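Hi,

Here is the structure I promised to pass on to you. Please open it beside this email as you read.

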Amino acid sequence: MPVQPRTSQPAPAAADAVRLEGVSFGYGETHRALRDINLTLPAGSFHFLTGPSGAGKTTLLKLLTLVEQPTTGRLHLFGQDASRSPRARLPGFRRRMGMVFQDFRLLDHLSAFDNVALPLRLAGRKPDSYRDDVEEMLAWVGLGGRMDDRPPTLSGGEKQRLAIARAVVNRPELILADEPTGSVDAAMGERLLKLFQSMNRLGTTVLIASHDDALAERSGAGLLRLEAGRLVEGAA
Amino acid sequence: MSGAAPRITARLLPEDAGGRGWLIGLIAVLCFLACLAAVGAMAADRAAHGWARQLGAEATVQVRPRVGETGAEAAARAAETLAGVTGVSEAEAMDRKTAEELLRPWVGDAVLPDLPVPFLVTVRLDADAPASAVTLSRALAEAGLDASVDDHSLWRGEVERSAGLITILAVIAFLLTAGAAGAAVAYAVQAGMAAQTALIQTLSLNGASDSRIAWLYQRRYGLMAAGAGAVGTLAAMVLVAALRLLGGTEGLTPALPMVWMDALMLSPCPLLAATVALVAARFTALAGMKRRH
């Protein structure tokens, strides 16, 4: 019997941000990283995705960011089938998302400012139109004084905050974050959680993959739990 | 907030750590060679047309005297007849001494006195509306002269065919050079993309389309090829100018006459090099992006 999601969110909006129907994914013929995942994230919801290492959290995020395609089943994003999207449609989906990666994926040759401005620049906005937004976001994550510095000169925590600033700067409809508080201290972790919560209050759907069960519990967000590739809590 | 305006125009594609110098040098050399091929083709074409024009402006008539008439008389009568034909500027019977001078380099002095030297008439044709060999033959026949007309059409045809062949070879050389430049750019793009896999994936995940990513490589290698092409073209222009300066209108040899305009005609070569690089980079980058999915 499917477990109902524990969520702090009100009734879902008209279109679900994410819907997975019987999604499985395997690396090669034998290794099944995800098995028969059924999951719905209503628009405007806030969930934590927890589970032990190797449970499939990162793989699930890879499917949601369209880095991988489901082996079987269907994936819907923003009400559209994204299971077998041609490459030409990927930018359209990704511009509606903000992603925080475990390894940050910052561009070392760009300044902190340019890293945060990246999604806006790629969306075709002119520098003058986003300068204030980027500066404000960098200040908010405590990097206001390091705008011209490049990622190799930043600490792990600073890189993480920079990656988060980049993920949220274009006010995406869906934020997907993989261990976004893993490299920061408790105080900054709480502050970043508040940032995600305030984004969520503005209507952004948030899904955070984390080992930190305590943080997940404290957040009051809905909980999803993966074990051995199966969604054991929070299945739709 | 920082006081100074942060950098906002940094290139999304980082400068390569290495591998650009050889490509710049290669494209410059290829562009230089392509320019030489183009100049060679233009000069050969100019020489061939000059020769063909000269050959086409003249005809040679060999006259065979009738019984009771000397060769010189027959030649003089033929010259007089031909001088009145429309499309003929001048007709002159060639005296034996002149004919012997023409033959001497081929047969030598020893046999020349015994050789039956043909009786010839040289005809200069009107440059704008030259008389044809048929017209000349008909006029000679009507005047009761036994003669054969050589309007040099055989040689002219050979010269024009040679010029055409040289032009085709030059075009092939030009295309092969462009192909080699395109292949070098494609190889560099492939190597660059392989080295920048993480960067490309980050750009893609942040909403960059394949076309946008391909454009980054297009701009990088297009600008590079334009610069390298300019160096190669400039070197070729200097060489052509030097040849024109040292050798006059004949350059180094009458077979390759050069004019100042040849150097100017090379000026679009950097643009062509950039176009080749843009096309090669785009196709390679898009194919590379497609393989990544």
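Below is what I found in it.

This is a predicted model, in which local features need pLDDT of at least 70 and side-chain atom pairs count only at pLDDT 80 or more, while totals for chains, interfaces and linings use all residues. Residues are numbered from 1 along each chain as its sequence is written, and chains are lettered from A and ligands numbered from 1 in the order in which they are written.

Let's start where the chains meet. In total, 20 residues of chain B are in contact (C-beta atoms, placed from the backbone, within 7 Å) with 26 residues of chain A. On chain B's side, α6 and α7 each supply at least two residues, and α6(B) gives the largest share, five residues. (Helices are DSSP runs of H or I, at least four residues, and strands are runs of E, at least two, numbered from the N terminus.)

Now look at α6(B) itself, residues 197–205. Leu199(B), Ile200(B), Thr202(B), Leu203(B), Ser204(B) and Leu205(B) are buried there; buried means 20 or more other C-beta atoms within 10 Å, exposed 12 or fewer, and partly exposed in between. They pack against α2, β6 and α3 of chain A, and also against α5 and α7 of chain B. After the helix comes Gly207(B), with a positive phi near 105°.

Finally, find Arg96(A), in the loop between α2 and β6 of chain A. Arg96(A) is partly exposed because 16 other C-beta atoms lie within 10 Å. Beyond its neighbours within four places in sequence, Arg96(A) is in contact with Phe78(A), Pro172(A), Glu173(A) and Leu174(A).

Happy exploring!

Key
Two residues are in contact if their C-beta atoms, placed from the backbone, lie within 7 Å.
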